[in-house]
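Please look through the sequence and the model below before reading on.

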Amino acid sequence: MHVCARNKPTPRLLCLVALMPMTAGAEMKSLDDQALAGISGQSGITLELDLQMEADRLSYFDDGQGIHLEGFRVGSASDPSEQAFHLVRVDITDDAALNLDYLVEDRRIEFGDIRLAGAPGLSMGGLYFDHSLEGRLSIRAGGATGGSGYTFDSAYTMTGGRLGYRTNGNEVFLDDITLNVEALGVTLDVVGDTLQLEAPHTVGTYEIGAIRYSNNPLNHGRSRDIVSGAELPSYGGLSGAFDITASTSLSAGGRAGEGLRIDNETVINSAHFLYIDDGRALALRDITGYYRVNDLRLDVTSDWHGRAALGLTLGSLEGEFAVGDIQLGGAGRSLGGVNVSFLLEDQVFNGRTYSNAVYLQGGGHPDAGAQGLRLATEWSLRLADLSYVDDGNRVIFSGLQSWGRGDVTVNVTRDETRNGTRFYDGLRIGFEGVEAGYRINGLRVGDEEAPLQGGTELLLALGFYPAYEFTLDGHVTLGAGGASGEGITINSDIRIRDGRAALIAAPYDEGGGEIAQKGLWISDLNYNAHIRDMTVDVSDDGLEMVAAESWSTMDVGNLRVGDKATGSSFGRFVVQTYETGSSMTIVPGGAGDVCVGGAGTSAASCSGAGGVWEQRGDEGITIGMKQILARAVDDTRKNSFAWETNRQPGGDGGLINGSGTRLVLNDIYTSDGGDFDNDGVDDNTFGIRTDLAVDVYQTRVVKKSDGPDSLGVPGARGDEKIMDASAAAGYRYESSPSAADLENRPLGFAVRAQSRFKELSINNVDLVHPVGGPQTVVYGVKMQNFDIKANLTATPIP
Amino acid sequence: MIKTLGRLGRPIAFGACLALTLPSAAELTRLDDESLSAVSGQGGIYLSGDISINEMGGPVENRYFGRCEDTTKKCGARFAYRLKETGGWMVLDDIRGNFAFEGLTLRVRHIDSGFGGDGELFDRDVLELGLPDIVRFNDVRFKIAASNTPRPTDPGFQQTDIFSVQMRGAVIMEGNLLVFPEGNP
């Protein structure tokens, strides 16, 4: 491999270099006292540079295939015609260490285009990095393995940072970055044919004032619009801190021929991360963990379709992360904690071997313009466990596997119809033929050693299927700015084909190897979902999402029981939704104190009313939803439900949709029950309001029949299930549990729900015959004044 | 029970089997254990809890609906439908009450044995709803009525209450409800 730079025919490389002996000159005030304190002796040199450098192209070649970084420029960030100021003071101390104290002011490093030699007409877009730096680097002889290496101590502060990505005149950038880093005792050694970098202790803090978006081509790395002077819209800001230990190995050789190999192990000793929206935060605190990258290769190569690409292929990646506390909202209340362990590695799913690779290419969405990013992606999550801890109660979703392959495109787009495709303001993430899936083996409660149980259906309460396979097309565009001020605005159009999702799922591996996963499946699924102007904001209460308009069609070709592909079918189901002004709020904290099975506000009054008083703690999650079901606009924008059976067989052996008999609930909509604002249309502002408070909590589970259960644990009908780590199956049954036993009841999800609506109507219910056409059987249904409350606990079947 | 499952083996559009294992029917319990031994997979969930409808009233407050402490108004929910395009409305009015249950289970189960030999012939997957032993009803009530308009606040509203239903007590529901497809989907 080799690297070359090609300057313009009239290169403009302006370097003003001044070498001068160190004196107590006025300009020396720019080096801070702290930096000076680490230097012994008063000898050395100072280099002062005003630097502007441009190159048409920097190229990297690997096995004859190249990648070009075009429009390379180093200079001033605030004025492209000016230079960036550099001041470097070089000193050698009496321990033979080389000390560099440096100051960089207002520098921009930029690439206008990144292209692959094999696809010169396509660009990945441009990148720029603005910053001012002040810091110190000390280098001394001797690495970790002996005298042939080097040891570094480094500390620097970056201010006024800006990191931007630009395509077709639109850009998204991190604005007002402040970064403080201290890395001491970093060693660099050559071990055999490997460059070994050890960073035993690196600490730092960072703050990103805003993540901004611009659709004005005249703006380039500016916080304010150059025309209006208004501040550019912001997605919000970030901040955090980290304390890590890292070990990295670099060696020559790609996945094939030339290239680069990277191995890395990083331990996160402590960290925290905050997303800040108008001063209110989503905070991940008490983060610890590690990850280990094994055999990551970098090649300029081709992807599986023969397209030129910069390939990143991975041998394996394993790790574990724990977030001790997730806080949300102005008051900083806690949702609880999460822990995830994972292994990304080659694995066979559905008879096909999946690996982990990303092939970066230029172009993005073909209609969005010449610049953009295309990621031909394949992943293989061989195994992961995901756990949630709520007030010390831990539930583990065990044996998560995921696989997929397809193209992901990235463009910064503006609100326009271009080349026949509708685009929106923001960062557009597109999906093209992404064939993917995931599945969860089962549930464990308490710890990883607990026996595997069913119960992954509990995830349905949070909107996740226990298993799902699909082909995905469409996009999600993330715009800057929420309902007010900072935040996110989402527009999306998603299409899922050939989907198979489990409503109920048995394990895919009961301990004896992979088996066909049984369940209740929505299969042969085609799903279209559209969202317009959905704002996402962190509020004082939590996370608020409001969608101006959304509509979807879920066409379940077959609802199957048993095997997802061959199980017998209940027929076809089609569910259409159309909502305007619907919203959802996620609030930290679950149900708190609850009287289950009675009415009472204290333990005594609840017990007196025949209920059971439960104190579910401060953590947990509450989801508040308001669904405004709008009246039908056309055949695609309406709320309806259809069930079709007795379909005719098609030529391919399948069934022809629409050829059978259908039961249709047509035009379902909400209302406030009258036209109170006298605009000639019934008001529709209340909708269906549902509050779900979800906690992980202990619950009473009783045996339903005499004799041993499915795991062979004996017990009588009516005996209570008690968790017991000393028992072979992890639990036992007790006819008269003691007070201590009651402290070890099984964990599950406890849901307190309330759903209300003023009026819900169905315009008509039809029976549709394939020959005779529709016949209306019900000319209108009107439901009024409903307030339904439920306290439910859901646990795996004993 | 055995005969019931045998009948379900015949083609019908939609099959459902309610297996009631009454305490006095000891032989039915034995059959259930036998069939359980053939279960593969341990997916599914176990649900307990209580559900109430309009315990204190609903979200509408007007001249017809109100809170439950206001005895001049109705605080229950209302469900109206009509079967003729220009006809009147059948109404379930003032719907209120609550019920509690323990141990409702839901899972997919493969049946290939038991049931007096019918299971081996059946050899299929079913959706099994394990019924809770006891469902307790408390002050469940509603009225059957006929009305000339869907909303009680519509002009010219008239309604004739036909009869009222009130329920309180416990219902024993033992056994399993087996649901499986039949016929041409």
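How many bridges join strand β5 (residues 65-76) of chain A to β8(A), and do the two strands run parallel or antiparallel? Four bridges join β5(A) to β8(A), and the two strands run antiparallel.

## Basis of the report

This is a predicted model, in which local features need pLDDT of at least 70 and side-chain atom pairs count only at pLDDT 80 or more, while totals for chains, interfaces and linings use all residues; side-chain values use heavy atoms, with hydrogens and water left out. Residues are numbered from 1 along each chain as its sequence is written, and chains are lettered from A and ligands numbered from 1 in the order in which they are written.

## Strand β8 of chain A and its partners

Helices (H or I, at least four residues) and strands (E, at least two) are DSSP runs numbered from the N terminus, and two strands pair if DSSP finds at least two bridges between them. On one side, β8(A) is joined to β5(A) by four bridges, and within this pairing His68(A) has Arg115(A) as its bridge partner. β8(A) is also joined to strand β9 (residues 119-123) of chain A, by two bridges and again in an antiparallel way, with Ser123(A) as the bridge partner of Arg115(A). A hairpin of two residues connects β8(A) to β9(A).

In a regular strand the side chains alternate between the two faces of the sheet. Strand β8 (residues 113-116) of chain A is covered on both faces, since Asp113(A) and Arg115(A) on one side and Ile114(A) and Leu116(A) on the other are all buried; here buried means under 20% relative accessible area, exposed means over 50%, and partly exposed lies in between (1.4 Å probe, protein chains only).

## Salt bridges

A search of the whole structure finds 55 salt bridges over all chains, where a salt bridge is a side-chain nitrogen of Lys or Arg within 4 Å of a carboxyl oxygen of Asp or Glu. One of them pairs Asp295(A) with Arg297(A), whose closest N and O atoms are 2.4 Å apart. Asp295(A) counts as buried because its relative accessibility is 13%, and Arg297(A) is likewise buried, with a relative accessible area of 15%.

Another salt bridge is formed by Glu644(A) and Arg572(A), with the closest N and O atoms 2.7 Å apart. This pair links distant parts of the chain, since Glu644(A) is in strand β37 of chain A and Arg572(A) is in strand β33 (residues 572-588) of chain A, 72 residues apart. Both Glu644(A) and Arg572(A) are buried. Salt bridges also link Arg108(A), Asp130(A), Arg162(A), Asp175(A), Arg212(A) and Glu231(A) in a network.

The size of an interface is often given as the accessible area lost when the parts come together. Between chain A and chain B the buried area (the accessible area, with a 1.4 Å probe, that two parts lose on being put together, summed over both) is about 5100 Å², and carbon and sulfur atoms give 55% of it. In chain A, Tyr779(A), Asn785(A) and Ile797(A) lose the most area to chain B, together 15% of what that side buries. Contact, which means heavy atoms within 4.5 Å, takes in 70 residues from chain A and 64 residues from chain B.

Six salt bridges are counted between chain A and chain B. One of these joins Arg717(A) to Glu174(B), the closest N and O atoms being 2.7 Å apart. Why does this pair join two chains? Arg717(A) lies in the loop between β39 (688-698) and β40 (720-723) of chain A, and Glu174(B) in the loop between β7 (159-172) and β8 (176-181) of chain B, so the pair joins two chains. Arg717(A) is partly exposed, with a relative accessible area of 39%, whereas Glu174(B) is buried at 11%. Strands also meet across the two chains, for four bridges join β44(A) to strand β3 (residues 77-81) of chain B, the two running antiparallel, and Gln784(A) stands opposite Arg78(B) in β3(B).

## Chain B

Chain B has three helices and eight strands, and from the N terminus on its elements run α-β-α-β-β-β-α-β-β-β-β. Of the 185 residues in chain B, 45% are buried.
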